[in-house]
Amino acid sequence: MEKGVRRWIVDISKWNPSSNDFSFALSLLPQTHHSSISRFVKMEDRKRALVSLLLQYTLVHEVLGIPYPDIVINRTLEGKPFLECARFCFEFPNFNFNVSHHGDYVAIASEPLCLVGLDIVNFMIPEKETVPEYIQNFSSYFSSSERDRIISVGNNEEVLAEFYRYWCLKEAYVKAIGSGLAYGLHKVEFHHTNWTSISVKVDGVTNQQWRFWLFDLDKGHSVSIARGHPRLAIESYKRSLKRTKFNEEEHNVGLHLPNPRFVLRTVEELISVIHKAKRSC
């Protein structure tokens, strides 16, 4: 099943398309997605939305071998993308993926059995308030012990980075289960040893059905991965999954698959793959 575990990332700061280049890349995607990209006013936001979809279609085509015209990607009401794959997904018991973009990076992660959640954070420095004031705005999303660890880590720069790392993990958890809401996140409490051996307590109880990883991409960005049992998804997202019931042995196989490093892809590569796939049909 390891073939179904993918981690790809694109640095969009290295892609500066002309108007024609952007239009060509957009034309490779199904018309149904165009409005979700063109609705953005800023080009940087359009680039993130476009590259996110290029990653999704390329990954599905390369990993599952589905002919490009047969790939159908939709979103749940909460906004999580999913693949409509009843006719094709025979190789993996529960293939699913998640995407994230923030700052200079757009990424995708997939899993063959477990839920996957992905989040990128850009360590943005607040402009109109102090770091303590900024973090206080989010205090209701953290447990008291998380807040204590954040504010006691060091100087303002270190406190801000620690805050974003915790936030990154919480977002990955929310995105894995398919929820579009951050409600109740103070009940989802993370513990770690120098950001390794990350565990989670939900309502004060350690949940062994999850694994988490967090990496610093560079000085200003972090990325996190959440991997959990499919039965933990919210009901609306469960309906998009192939299977949600697995016995303990099956789940443990998926839960303990290797977590590979992110592979750096370029926009040009993604465009080439999709263009070739469309021409061959």
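## Cover of helix α1

The buried residues of α1 (buried: under 20% relative accessible area with a 1.4 Å probe, protein chains only) are covered by elements that include α2 (34-38), α3 (43-64) and α9 (267-279). Contact here means heavy atoms within 4.5 Å. Helices (H or I, at least four residues) and strands (E, at least two) are DSSP runs, numbered from the N terminus. The model is predicted: local features need pLDDT of at least 70 and side-chain atom pairs count only at pLDDT 80 or more, whereas totals for chains, interfaces and linings use all residues. Residues are numbered from 1 along each chain as its sequence is written, and side-chain values use heavy atoms, with hydrogens and water left out.

Helix α1 spans residues 19-27, and its buried residues are Phe22, Ala25 and Leu26. Seen down the axis of α1, these residues fall within an arc of 100 degrees, so they line one face of the helix. The arc is taken from the directions from the helix axis to the C-beta atoms.

## Packing of α1 on α3

Axes are lines fitted to C-alpha atoms, for helices over the stretch in contact, and angles run from 0 to 180 degrees between N-to-C directions. The crossing of α1 and α3 is left-handed, the near helix being turned anticlockwise from the far one by less than a right angle.

On the α1 side, Phe22, Ala25 and Leu26 meet Met43, Arg46, Lys47, Leu50 and Leu54 of α3. The residues of this contact divide into six nonpolar, no polar and two charged. In this count, Ala, Val, Leu, Ile, Met, Phe, Trp, Tyr, Cys and Pro are nonpolar, Asp, Glu, Lys and Arg are charged, and the others, Gly among them, are polar.

## The four-stranded sheet

An open sheet of four strands has the order β4-β5-β1-β12 with mixed pairing; two strands pair if DSSP finds at least two bridges between them. At the edges are β4 (96-102) and β12 (263-265), each pairing on one side only. Neighbouring strands of the sheet are turned by 20 degrees against each other on average, direction ignored.

Strand β1 (residues 6-11) pairs with β12 in the parallel sense over three bridges, and tryptophan 8 has valine 263 in β12 as its bridge partner. Helix α3 lies across β1, β4, β5 (105-111) and β12, and runs at about 30 degrees to β5.

Strands β7 (residues 188-193) and β8 (residues 196-202) pair in the antiparallel sense over five bridges; glutamate 189 is bridged to lysine 201 in β8. Two residues lie between the strands of this hairpin, and asparagine 194 takes a positive phi near 50 degrees. Tryptophan 195, in the loop between β7 and β8, has a positive phi of about 65 degrees although it is not a glycine. Tryptophan 195 counts as buried at 13% relative accessibility.

Serine 197 in strand β8 also has a positive phi, near 50 degrees. Serine 197 counts as exposed at 63% relative accessibility, the cut-off for exposed being over 50%. β8 and β9 (residues 205-206) pair in the antiparallel sense over two bridges, with valine 205 in β9 as the bridge partner of valine 202. Their hairpin has two residues between the strands, and aspartate 203 in the turn has a positive phi of about 55 degrees.

## Histidine 251

Histidine 251 sits in helix α8 (residues 248-255) and is buried, with a relative accessible area of 5%. Not counting residues up to four places away in sequence, histidine 251 touches Leu113, Cys114, Gln209, Gly228, His229 and Phe246.
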